[in-house]
Amino acid sequence: MFHSTLTTFLLVVPLAVLTYAFDTFSEELLLKPLGNDHLYAHFQFATKWDTDPEQESFRHTHMFPRALGEIVARYNVQELHVSLTAGLWMYETWGYPIMDAAPGAELWVWFKEDTENVDKNWKELASSLSGLLCASLNFIDKTNSINPEYTFKPRGAVSSPTINSTFVRYSSLPREIVCTENLTPLKKLLPCEAKQGLGSLLNAGHIYNTRYHSMAIHMRPICRDSSCESVSLELQQSVSLVYDLLILEAKHWSFRKLFGQGVIGRCVLAETATIYVDTTNNESVPFQLKPDPDEYVTSFRGGYVHTYAKYDVQSYVMSLNANYLGKNKVVLNSPPAIYANQYITGYGQERGGIVTTIYNNHWSPLDVVFLQNIPWYVPIYLHTLKIDAGGVRIEPTRIHYIPGRQRERPYHLEVLVKLPARSITSLSIDFDYVFLKWQEYPPDANHGFYIGSAVVSTILPLARNYTGLPQDGSTISDSFNASRSGYLVQMRTESTVITLPTPDFSMPYNVICLACTVVALAFGPLHNITTKRLILIVKDNEHFIVKLKNKVVGIWTRRTSE
Amino acid sequence: MSRKARLLQAKDEPYETRTIISMYMLGIFIRCWLIYSKYQSIIGHHVEISTPLNSWKRVSEGLYVQSKGINPYEGDLIHEAPVILLLYRILTQTFYLPAEFLFLLVDSLTAVVLYFVAKKYMFHLFVFQERQKGEYAQDSKEFILSGADFLNSPVFVMAAFLFNPYTIFNCVGLSTTVFHNFFLAIFLLFMLQGNPILAPIALAFSAVMSLYAGVLISPLFLYLYVIYKDKVRAYIALGVFTLTLVALTCFSYVLGSGSAFLKNVYGFILTVPDLQPNIGLFWYFFTEMFDHFRELFICSFQINATVLYLIPLSVKFRNDPFLLTTAVLFLVAIFKSYPCLGDIGFVMSLFPCFMHLFMYAQQGFLVGVIFLITSALGPILWHLWIYSNSANANFYFGVTLAFAIAEIFLVTDILFAYMKREFCLKYGSERKIDGKEAILMLE
C-alpha cells in the first residue's frame with residue numbers, strides 16, 4: 001500500500017516539474033559617458049517566461065512577480081507599459097535613451113481582443129497599478145486618457161496582422177513626483193529583490209541625486225524563438241539614470257560614488273548578470289577602468305561602431321572605478337538626427353498657443369507621427385494648426401483629431417507630417433484659457449495646470465547615438481550588432497505649465513449676495529409696476545412728523561411771498 | 001421771420017432724405033473703417049463683445065472641423081445651431097463672401113429695417129392716439145404727440161443704431177449677434193405689419209439662434225390680438241411659430257447628424273457649463289457656487305430671465321405691445337446666460353421710439369453716467385486682472401454689477417414713465433384734490 005503510494009508520488013512529482021513552464025531572468029547594467037560631464041546608467045532586468053499568455057492564470061509563478069501577474073490577468077492586459085520619470089532627457093546633447101519616458105507618470109496599455117469594457121478595465125487597472133507602485137496613477141480616467149491611432153502600436157507579438165486600435169489606451173500625469181516609495185515596490189518585483197545582484201545598487205539616496213531618473217515596467221508577449229510558433233511572456237524592468245558628474249564632484253566615477261556601494265554578489269536566480277561600460281569615446285575622452293574588464297565587445301549597428309567593456313558580475317562584492325586620464329577636454333557633440341521641444345506662447349491669461357519644434361538633422365526627409373494629449377481645460381482650435389518648416393507652410397499628410405469636452409475627455413491630436421531634410425519644423429496651435437469652477441482648482445491654484453508632453457515618433461534609418469533595444473530583443477546585449485532596416489524612436493518633449501485665471505476663493509457668500517441684490521433691484525420695481533396702480537393721494541400735512549419736517553426744511557427754503 | 005422762430009419751426013420739420021442717406025453712409029463708413037483696421041482684432045477679442053455663443057472664431061472652427069468630416073458638436077467649442085451653421089457655410093463658402101463684408105452687409109440691413117420698424121410704430125401710436133383722444137383730460141393737450149415727433153423718431157432710431165458704440169463694436173468684433181439682431185429686426189417689422197406668417201418664422205430663426213428670443217411670442221400674440229383685433233391671426237401666428245420651430249429642429253437633426261447638437265447648443269445656454277466672464281451675472285455667480293445648489297440657482301436664474309417678468313408685464317402693457325417687446329428684450333439682454341454688448345446696443349437703439357416718455361424719466365443722468373463709467377472701466381479692470389495680474393476677478397465682477405444696475409434702472413424708469421404719462425393723459429397734470437396738494441403714489 002505504502003509502496004504503491006510512494007511510486008505514484010515519485011512518478012507524479014517529476015511530471016509536475018516537467019509540466020512547469022521554463023523562465024529565465026537576466027540583469028544588466030550599462031554605463032555610458034554622455035559628453036563631458038554626464039554619465040548614463042541604465043539597469044535592465046528582463047524576465048522571459050515561456051508560457052502562453054492567453055492561458056496563463058498566474059497562479060504558479062516562479063521568477064515572474066505574482067503581484068503584477070494577478071493584475072495583468074484580472075484586467076485582460078496584453079501589453080503593459082508604465083513609467084515614472086523625473087527630469088528631462090536632453091535629446092540634443094545626450095542622443096537617444098534606451099527607453100523613452102515622459103516626465104511624470106505615463107501609462108499605455110494594450111488590452112486583449114476579447115475585453116468587453118475597455119474603459120472600465122483601464123480605470124481599474126490604473127487604480128491597481130497605483131497601489132502596486134505607490135504612485136497616484138488612480139487619477140487616470142476618461143478625462144485624461146486617449147486612444148492613440150497611429151503612435152502606440154503593439155510592441156510585442158500579435159496574433160493577427162490587423163490591429164484594432166480601440167483596445168489601446170494612453171495617459172500621462174505630468175504632475176507626478178517619483179521618489180523612494182516608488183522605487184521600493186519596483187525592487188520588490190525583482191526575483192532577487194535588492195539583496196543580491198544589480199538590484200542592490202538601487203539605493204534611493206544615491207540614485208535620486210541625478211539629473212534624470214526614470215523607472216519603467218514593460219510587459220509584452222514575444223516570440224519564443226525565431227520561428228515564432230509559440231509566444232512567451234516577457235517582463236522588462238528598467239531604471240535609467242543620468243548623473244551630473246560636476247554636481248557629484250565625481251569626475252572619476254566609481255560605484256561607491258554613484259550608488260553608495262559595490263554590487264553585493266551575483267543574483268543566483270539570474271541566468272546572466274553583466275555590466276557594460278561604453279568605451280566608444282575612449283579615444284577622445286580617455287578613461288581607465290579598474291578592475292580590468294573581462295572582455296571587450298564590439299557592436300556594429302546601423303552604420304555605427306560601438307565598443308563596450310564587459311564585466312560578469314561575480315559572486316563576491318565588486319565595484320568599478322573609472323579614472324579619467326589627461327586634461328579636461330570640451331567635447332563637441334553633434335546633435336542626433338531628430339529631436340523636439342515644446343513650449344507655450346502668448347502672454348496674459350486669455351489666450352495662448354502651444355508650439356512644438358522638431359529639428360530634423362538628417363539628410364533626407366523623415367516621416368514623423370506627432371501625438372498630443374491635451375487636457376480638457378486647454379481647448380484648442382484645430383483651424384489654427386500651422387505647420388511651418390523654415391518659413392514655408394507644409395500640409396500634414398494626415399490629421400487625426402478627436403475634440404475634447406469639458407470635464408469629460410481630453411483633446412486628442414495626431415498629425416502625420418513629412419519633415420523636410422535638415423529643417424526646423426514648428427507645429428503651433430492656439431488655445432483659450434478656461435475659467436473653472438472654484439472647487440476644481442487644486443490646493444495651490446497659482447502653481448498652474450500641466451499640459452503633458454507630446455510624443456514624436458519616427459523610424460530612423462541610421463543608428464547614430466542610438467542605444468534602443470530592437471523590437472525582438474529584451475536585453476542590452478540583444479542590441480549589439482542588431483542592425484535593422486529602421487530604428488524606432490519615440491521622443492517625449494517637455495511638459496508645460498499654464499496658470500489659469502483664478503477667481504477669488506474667499507468670496508462665495510459675497511458673490512451670491514451681490515448678484516441676488518442686483519436681481520432684486522430689478523424685481524422690486526417691476527413688481528411694483530405690474531401689481532400697483534398710480535393714484536393721487538392727498539399730501540398728509542397734518543401728521544406731526546410731517547409738520548416738523550416742513551418746519552425744519554422751511555428754515556432754508558422759505559421764500560418771500562409775493 | 002426771426003432766427004428764433006425759424007429754429008423753432010425747423011425743429012418741427014422732418015429731416016430731408018438727403019440728410020438721412022448721408023447719416024446712413026457715415027454709419028456704414030465708421031464700421032467699414034474700423035473693421036478693416038488693426039483695431040478689429042482688439043475689439044473682437046474683448047469678452048464683452050464675443051462670448052462663447054457668438055464668437056466668429058468658434059464658427060470658423062466649426063466650419064473647418066466640419067470640412068474635415070468631424071462632427072462639430074462632438075467637441076465643446078461650437079454652440080451655434082446646425083441650421084445657422086449651415087447658413088454661415090453657404091454664405092462664406094458657396095458665395096465666397098468674406099466675413100467682414102458679410103457682417104457689414106447684415107448690420108446695414110438691420111439699420112434700414114429698424115427705420116421702417118420705428119416708422120410703423122409711430123404710425124400705430126398716431127392711430128391709437130387719435131382713437132383715445134376722447135378719453136384724455138383737457139389740460140393734457142401738451143402731452144399729445146405731434147406731427148414732427150412721428151416723423152423724426154425713425155431717424156433717431158436709425159441714428160441710435162448706427163452711432164451707438166455698442167452696436168458698432170458688435171459689428172466690428174465679428175460677433176454673430178449681428179445675425180441675431182437682424183432676425184429680431186425682421187421679426188419686429190413683420191410683427192408691426194401684422195403678418196401672422198412671416199413674423200413667427202423670423203422669430204423662430206431668432207429662437208433657434210438664442211433660446212431667449214422665444215419669449216417674444218407673447219408680445220406678438222398680443223399685437224395681433226389687441227392692436228389688430230384679429231383673434232384668428234393671433235392663433236395662426238402661434239401655430240406657425242410652433243411648426244417652424246419643430247421643422248427647424250428636425251432639419252437640425254438631419255444636418256447635425258444626431259442629437260449631439262441639442263446638448264451643445266440648447267443645453268449649453270440653459271445649463272451654463274462655460275464660465276467665461278461676460279457682462280452678465282451668471283459667470284461669477286456659478287464660478288463661486290457650491291455644486292449642491294447649482295441646479296436650484298440655474299433654474300431660478302433661467303426663470304428670472306424668461307418667464308418671470310414676461311407674464312405680468314404682458315398683462316400690464318397689453319395696450320402697447322411694442323413697449324412690452326422692448327422691455328422684455330431688454331430684461332432678457334440683462335439676465336440671459338451669455339449677454340453681450342450687441343444685445344444691449346440693439347435694444348437701446350429702439351428707445352428713441354419712446355421719446356414721448358423721456359420727459360417723465362427721472363434717472364436718465366444717473367443711467368448715462370453709469371454706462372459711461374462702466375464701459376470705460378470694464379476693459380481696464382479686465383486688463384488688470386488677466387494681463388497685468390494685479391487686480392482680481394472681483395473688480396471686473398463689480399463693474400459688471402454696476403452695468404447691470406444701470407440697465408435695470410433704465411428699463412424700470414421707462415416703464416414707470418409710461419405709467420405716469422398714461423395717468424397724466426387721463427387725469428391731467430394738475431396734482432390737486434379738492435384744492436389740497438396731492439402726490440402720485442403707487443398703491
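**Two chains, one predicted model: a chat**

Colleague: Leu174(B) first: buried or exposed?
Modeller: Leu174(B) is buried, because its relative accessible area is 9% (buried is under 20%, exposed over 50% and partly exposed in between, with a 1.4 Å probe and protein chains only).

Colleague: And where is Leu174(B) found?
Modeller: In chain B, Leu174(B) sits in the loop between helix H8 (165-172) and helix H9 (177-193). Helices here are DSSP runs of H or I with at least four residues, strands are E runs of at least two, and both are numbered from the N terminus.

Colleague: Before we go on, what are the ground rules?
Modeller: This is a predicted model, in which local features need pLDDT of at least 70, side-chain atom pairs count only at pLDDT 80 or more, and totals for chains, interfaces and linings use all residues. Residues are numbered from 1 along each chain as its sequence is written, chains are lettered from A and ligands numbered from 1 in the order in which they are written, and side-chain values use heavy atoms, with hydrogens and water left out.

Colleague: What are the ipTM and pTM of the model?
Modeller: Both ipTM and pTM come out at 0.90.

Colleague: What pLDDT does chain B average?
Modeller: Chain B averages 90, and 93% of the residues score at least 70; pLDDT is the predictor's confidence in each residue, from 0 to 100. Confidence in chain B is lowest in helix H1 (residues 3-11), at a mean of 58, and highest in H9(B), at 96.

Colleague: Why does the radius of gyration of chain B agree with a compact globule?
Modeller: Because a compact globule of 443 residues would have a radius near 22 Å, and chain B has 23 Å. That radius is taken over C-alpha atoms, and the globule rule is 2.2 Å times the number of residues to the power 0.38. The C-alpha trace of chain B spans about 75 × 55 × 50 Å along its principal axes, and 57% of the 443 residues count as buried.

Colleague: How many positive and negative side chains has chain B?
Modeller: There are 30 positive and 29 negative ones, and the centres of the two sets lie 6 Å apart. Lys and Arg count as positive and Asp and Glu as negative, leaving out His and the chain ends; the charge is placed at NZ of Lys, CZ of Arg, CG of Asp or CD of Glu.

Colleague: What does Gly342(B) touch?
Modeller: Leaving aside residues up to four places away in sequence, Gly342(B) touches Asn170(B), Thr177(B) and Asn181(B) (contact means heavy atoms within 4.5 Å). Gly342(B) is in helix H18 (residues 341-348) of chain B, and it counts as buried because its relative accessibility is 2%. His180(B) is 162 residues away in sequence and 9.4 Å away in space, C-alpha to C-alpha.

Colleague: And Phe205(B), which residues does it touch?
Modeller: Not counting residues up to four places away in sequence, Phe205(B) touches Val83(B), Ile84(B), Phe183(B) and Leu248(B). Phe205(B) belongs to helix H10 (residues 198-209) of chain B and counts as partly exposed, because its relative accessibility is 25%.

Colleague: Is Tyr96(B) buried or exposed?
Modeller: Tyr96(B) is exposed, at a relative accessible area of 66%. Tyr96(B) has a positive phi of about 55 degrees although it is not a glycine, and its loop runs between helix H5 (82-94) and helix H6 (99-132) of chain B.

Colleague: Switching to chain A: which bond joins Lys290(A) and Pro291(A)?
Modeller: A cis peptide bond, with omega about 0 degrees.

Colleague: Last one: where is Thr279(A) found?
Modeller: Thr279(A) is in the loop between strand E9 (272-278) and strand E10 (287-290) of chain A. Thr279(A) counts as buried, because its relative accessibility is 6%. Its contacts, not counting residues up to four places away in sequence, include Phe287(A), Tyr296(A) and Tyr308(A).
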